[in-house]
Amino acid sequence: MSSLWQDEISLPRFQSLEGDISTDVLIIGGGMAGIMVALELRRRGISYILVEKDRICGGTTHNTTAKITAQHGLVYHRIANRYGLGAAKAYLEANLKAIDRYTELCRDIDCDFEQKDNYVYTLDSLDVLNSEMAVLKRIGYPAELRCGLPLPLDTVGAVRFPAQAQFNPLKFVAAVAKDLNIYEHTFVKNVSNGVAVTHHGKIRAKKTVVATHFPFMDRFGGYFLKMYQHRSYVIALRGAYIPDGMYVDDSGTGLSFRSYGELLLLGGGGHRTGKNGGGWEYLRKTAEKAYKGSDETHHWATQDCMALDEIPYIGRYCSLTPDLYVATGFNKWGMTSSAVAAEVLADALTDKKNKYEQLFAPQRNIFTKQLWANIGESALNLVRPTAPRCTHLGCALTWNRAEHTWDCPCHGSRYSEDGNVIDNPSTKNLKR
């Protein structure tokens, strides 16, 4: 199983770190977030090192659907209800700036960058669309309410954001990463007092950014409570009708649509990691019904960290770690969130005030319904008397029949059939 993007491009390779080294900033994690932070630090002339335990963009980034949009579901009325109109406006501004950053970077890169309108639709009621439109109007954004969408679904309508974008993420990374200061196959075992310990040396850094998808240091920040992980599935179809624009269901478990050349990328079948869901079977049944005569060319899956309040955690790792920073909880919207993280963290690393830092601060209020759901899920699977057990915090694992993996319903760690770690927060293989 490999994504469409992996077949399109070969990424540059980098040597592993051997021996000790010093730098101003250490970035741990070579996905899109780490790459974008490194790009911004280089632009500002700040000394940095990026280390990746395997190959750059070998995790969520190479499995993304690569939509570059400020429309992350119908989130703006929910953000406004929780934090006020000012927070909703700030979230919009930060993500629109992220789109502008990609537009600037992609101007001279052959990465299939295309400007597209984005639509978030619902199958249920116009009420939620009207609530979203009311907030967007109050914060001054020219969204539109649209009905009659060109989708094989009985939608009641959608909110449209004009002039968003899509691209090939690995073509983009191949172009921008080749001149960055990167070490691959460099696994960081722990970080303490400004020193990161790897298998073959130590990295001394004045400040450190953890961009490892799910933060790997449990003793700080409580991220294993503040997030859960969600799996989503994609199939690429040739010969299917391709609607103009990008589309996604606000429910979080519905269908997603975007084009890539002559292919339709159909996403969906999602579920909390370790739980049951539709997977590729659901997508293939949808394709058989809606796109008769089409052919599947690729299929893949991805995993996303979901924050408690639909806003990523970008900033200081926790109040007890003044020189440790984090970027995580992107809620399936890693492209724009990575660019937001680059600006917010670059300012924090240089002691510069950023107007969005409070909005994304990981130390904000965590008492939400989702927190109690996360706690309940963890408690249930900690006492469930089955094996094997996750090497992260000991939760009972479940067998993923579609992907032939052992998955953790508590925090989203995943293991191959023979017990090797695939996805963090776990860093240890299963005991044989």
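**A walk through the predicted fold**

Among contacts in the protein (heavy atoms within 4.5 Å) between residues at least 6 apart in sequence, 72% join residues at least 24 apart. This is a predicted model, in which local features need pLDDT of at least 70 and side-chain atom pairs count only at pLDDT 80 or more, while totals for chains, interfaces and linings use all residues. Residues are numbered from 1 along each chain as its sequence is written, and side-chain values use heavy atoms, with hydrogens and water left out.

The protein holds 11 helices and 21 strands, taken as DSSP runs numbered from the N terminus (helices H or I, at least four residues; strands E, at least two). Of its 432 residues, 58% are buried, meaning under 20% relative accessible area with a 1.4 Å probe, protein chains only.

One part to look at is an open sheet of four strands, ordered β18-β19-β20-β21 with antiparallel pairing. Its edge strands, each pairing on one side only, are β18 (398–400) and β21 (421–423). Strand β18 pairs with β19 (residues 405–407) in the antiparallel sense over three bridges, and W399 stands opposite W406 in β19.

Leaving aside neighbours within four places in sequence, R160 is in contact with residues including Q71, Y119 and E144.

Technical notes. Pairing = 2+ DSSP bridges. Buried < 20%, exposed > 50% of the residue type's maximum accessible area, 1.4 Å probe, protein only.
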